[in-house]
Every structure is written in C-alpha cells, then in structure tokens.
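Here are a few notes to read alongside the model, meant for someone opening it for the first time. Keep the 3D view up as you go.

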Amino acid sequence: MWQALRTDLKPKGFELVTVGLDVLGAAGCREYIEAANPDHPSLIDEHHAMANLFGVINIPSSLWIDEQGMIVRPAEAAPAPPTDTPGFQPPTGDLPQRLLEMGAEAMKIQASPAEYHAALKDWVEKGAASAFAHTPEEVIERSRPRTADSALGHAHFELATELEKQGDHQAAITHFREAHRLVPDSWTFRRQAWSLEGGAEGPLKRFWQGPSDDNPEVWPYEGDWLTDVRKEGAENYSEPWKP
Amino acid sequence: MLSTSKHIKRSDFEEATGWQFKPEGACKGDVCIPLPDSLNGDTVDIQELADTMGLPLVKADGKDLWAIGPESQGARALTTAEAPNLTLPDLDGNMFQLNSLRGEKVLLYAWAPY
C-alpha cells in the first residue's frame with residue numbers, strides 16, 4: 001500500500017523512507033521488506049535511533065521533512081493509505097484465545113487514514129503553503145515531551161538493545177525494564193522487549209507479547225500488550241490526529 | 001549513542017546525535033553549550049562530555065559498554081526542526097544517509113515486525 005503511494009507521488013518530488021525498528025535487525029525485518037519489494041529506501045534500526053532523534057514512541061508513525069531538510073510535521077501516528085478493500089479484520093478461527101482477544105482490542109484502535117492522506121497529498125502539492133506543514137517552532141512544540149527521566153530511559157533502552165545483540169538477554173531485560181519505567185508513554189520500547197520473550201512458539205511468537213499460557217510466572221515485565229492496552233484503553237493507543 | 005570505550009570520537013558523537021562541535025561549543029539548532037578545553041580534542045571522555053552537556057549516561061554492569069542518551073533541556077524530543085542526518089543500513093548492510101534526499105519531500109516512516 002505504501003509502495004503504491006510512493007509510486008504515485010514520486011514524480012512530484014517525493015520520497016518514502018521506511019525504517020524497521022528491531023533489535024533483531026535484518027533477520028527480524030527481512031520477510032516483510034522482501035514481501036513489500038520496495039523501490040524506496042528501506043532501512044533497519046536495531047537501536048531505535050528513531051526514538052532518540054525524533055521522539056518516535058509508537059508504530060506505525062511518520063515524520064514529514066521538506067526539500068531543505070526541515071521537519072514540517074514531527075512524529076505522529078501514520079495510518080496506512082485508505083483502500084477499497086477491507087482493512088484489518090479481527091482474527092477468527094483456530095487461534096489461541098490471547099490472540100483473538102488482542103485482535104478484538106486492535107479493532108478499537110483509532111486512526112484517521114482519510115484525513116492523514118488528504119493532508120499528505122496537499123503538502124506534496126503545495127509545500128510550505130500547505131496548512132498541514134508547520135513552522136520550526138510549531139514542530140518543536142508538537143514533538144513529544146521529553147523529561148530528564150525520559151532521556152535517561154532512552155539511554156537504558158539503547159544499552160538494552162546492544163546487550164540483547166551480544167546475547168546477554170538477562171542484562172538486556174534489566175535495562176528494558178528501566179526504559180519502560182522511565183519512558184512509560186513509549187509503546188515501541190515495550191513491544192520490542194515483549195517481542196523477544198517466548199510467550200508462544202512458532203510464527204506467532206513475536207506477536208504474542210505476553211506471558212505464555214503454560215508458564216505465566218516467568219514473564220519478566222510488569223505489563224504485556226493485552227493488559228496494557230486494556231488498562232490504557234485501545235481508543236487511546238494512538239493520539240488523535242490533529243491538522 | 002553506544003560506545004565500548006570511555007573515550008569517544010567527537011565525529012562519532014556528531015554523526016549519532018545530530019550535535020555539532022563549533023568554536024562556540026556543542027550546538028544543535030539555536031542551542032550551543034560551551035565546552036571546556038578538555039573537551040576540545042578529537043577524542044573526549046564520555047562521562048565529562050555527558051556531564052557538561054547534561055546528557056544521561058548508562059554503563060552496563062561488568063562490561064566496557066556505555067550508552068549516552070538524548071538531550072532533554074528543551075523538554076521536547078526535538079531541539080531543532082532541522083532533521084539530523086539519520087544514517088542506517090538497508091537489508092544488505094549498505095548505509096543510507098537521510099541528507100542524500102535533500103531537494104525532495106520525504107516521508108520518514110517507522111514500522112516494526114512485532
């Protein structure tokens with residue numbers, strides 16, 4: 001879907017750059033990138049530089065950058081382009097109960113694909129004259145809040161990703177936990193850590209994002225996807241899009 | 001930014017964080033932090049740099065491994081609207097620089113396989 005959008009807008013001086021946030025690197029991202037077969041740059045971000053540099057706390061999200069390298073919209077939720085075909089459907093059938101319940105919660109996540117993509121086309125056409133492109137001061141003001149604690153949490157997270165890459169999983173967990181405590185609004189910091197645990201085996205492993213049914217007491221984190229989404233409310237998962 | 005040494009190259013720090021060393025100090029956008037002479041070499045002490053710039057620094061237990069975190073002085077994730085030159089590999093390990101797309105509008109899109 002994004003590749004089609006890129007093909008459409010490329011002649012107008014537009015480029016799409018996708019960044020896969022995953023400590024597992026190419027091994028984690030490869031099958032999705034190869035399936036999408038992109039013509040545009042498609043990058044791998046093992047240490048979540050997108051969080052440090054731009055304040056990305058969730059996926060999918062986007063920033064818009066103009067021809068001079070100025071950010072005109074900071075990180076925000078980026079829904080897939082609207083299509084005529086049905087989008088995400090709740091999973092049914094022969095799936096574990098946890099995934100059925102996660103699917104039901106995911107259906108409640110709010111997104112504004114029509115508004116977002118109309119704004120994107122407007123910006124590509126009009127540039128700085130677009131009402132959706134913001135001034136440098138507005139861009140800074142609209143970027144994520146960052147406290148000293150949050151900055152410290154980002155350092156813990158980056159350290160955790162490197163420890164994980166080095167195979168020191170227990171030490172990584174210690175620093176992931178600190179990152180979660182210090183940056184409580186980051187879904188990516190939580191989802192990344194949860195995706196490395198063995199709550200389920202096989203192709204569902206990384207999407208399980210919570211304790212296993214058989215051995216729940218070994219789960220090393222305070223929260224998990226289903227618990228946290230229910231606690232915070234699926235409708236609050238993404239911040240509402242604002243023009 | 002990660003380091004396996006207590007001493008880091010200033011050029012590596014610039015590349016990873018978007019801060020730039022200028023005669024007036026370490027600068028990003030309109031913000032410049034004056035630096036003592038001890039931080040003016042090509043290689044600097046990571047602890048002294050972090051302390052001087054007000055950046056968090058975390059060390060791994062029992063390992064020579066440090067992570068220096070981002071700034072928070074402006075209370076926002078962005079200190080400037082000028083995009084840093086994000087440099088990351090593609091699937092084949094080829095490094096890509098965001099600045100290579102100057103002259104085009106760019107949608108930078110974050111996703112994850114989990």
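This is a predicted model: local features need pLDDT of at least 70, side-chain atom pairs count only at pLDDT 80 or more; totals for chains, interfaces and linings use all residues.

1. Four bridges link E3(A) and E4(A), and the two strands run antiparallel. They make a hairpin with five residues between them. Have a look at A:Gly69 in that turn, as its phi is positive, at about 85°.

2. Is strand E3 (residues 61-65) of chain A enclosed or open? Five of its five residues are buried, so the strand is largely enclosed by the rest of the structure. In a regular strand, side chains alternate between the two faces of the sheet. For E3(A), both faces are covered: A:Ser61, A:Leu63 and A:Ile65 are buried on one side, and A:Ser62 and A:Trp64 on the other.

3. Now follow E11(B) to its pairing with E1(A). Strand E1 (residues 14-21) of chain A and strand E11 (residues 105-111) of chain B run parallel and share seven bridges. One pair to pick out is A:Val19, whose partner in E11(B) is B:Ala110.

4. Put together, you get an open sheet of five strands in the order E2(A)-E1(A)-E11(B)-E3(A)-E4(A), with mixed pairing. Its edges are strand E2 (42-45) and strand E4 (71-77) of chain A, each pairing on one side only. From one strand to the next, the twist averages 20°.

5. The axes of helix H4 (residues 97-106) and helix H11 (residues 225-232) come within 10 Å and cross at roughly 30°. Angles under 35 degrees count as roughly parallel, which means H4(A) is roughly parallel to H11(A). The crossing is left-handed.

6. Which residues make that helix contact? H4(A) brings A:Arg98, A:Glu101, A:Met102 and A:Glu105, while H11(A) brings A:Trp225, A:Leu226, A:Val229 and A:Arg230. By class, that contact has four nonpolar, four charged and no polar residues.

Key: Residues are numbered from 1 along each chain as its sequence is written. Chains are lettered from A and ligands numbered from 1 in the order in which they are written. Axes are lines fitted to C-alpha atoms, for helices over the stretch in contact, and angles run from 0 to 180 degrees between N-to-C directions. Angles under 35 degrees count as roughly parallel, over 145 as roughly antiparallel, 65 to 115 as roughly perpendicular and the rest as oblique. A crossing is left-handed if the near helix is turned anticlockwise from the far one by less than a right angle, and right-handed if clockwise. Two residues are in contact if their C-beta atoms, placed from the backbone, lie within 7 Å. Ala, Val, Leu, Ile, Met, Phe, Trp, Tyr, Cys and Pro count as nonpolar, Asp, Glu, Lys and Arg as charged, and the others, Gly among them, as polar. Two strands pair if DSSP finds at least two bridges between them. A residue is buried if 20 or more other C-beta atoms lie within 10 Å of its own, exposed if 12 or fewer, and partly exposed in between; C-beta atoms are placed from the backbone.
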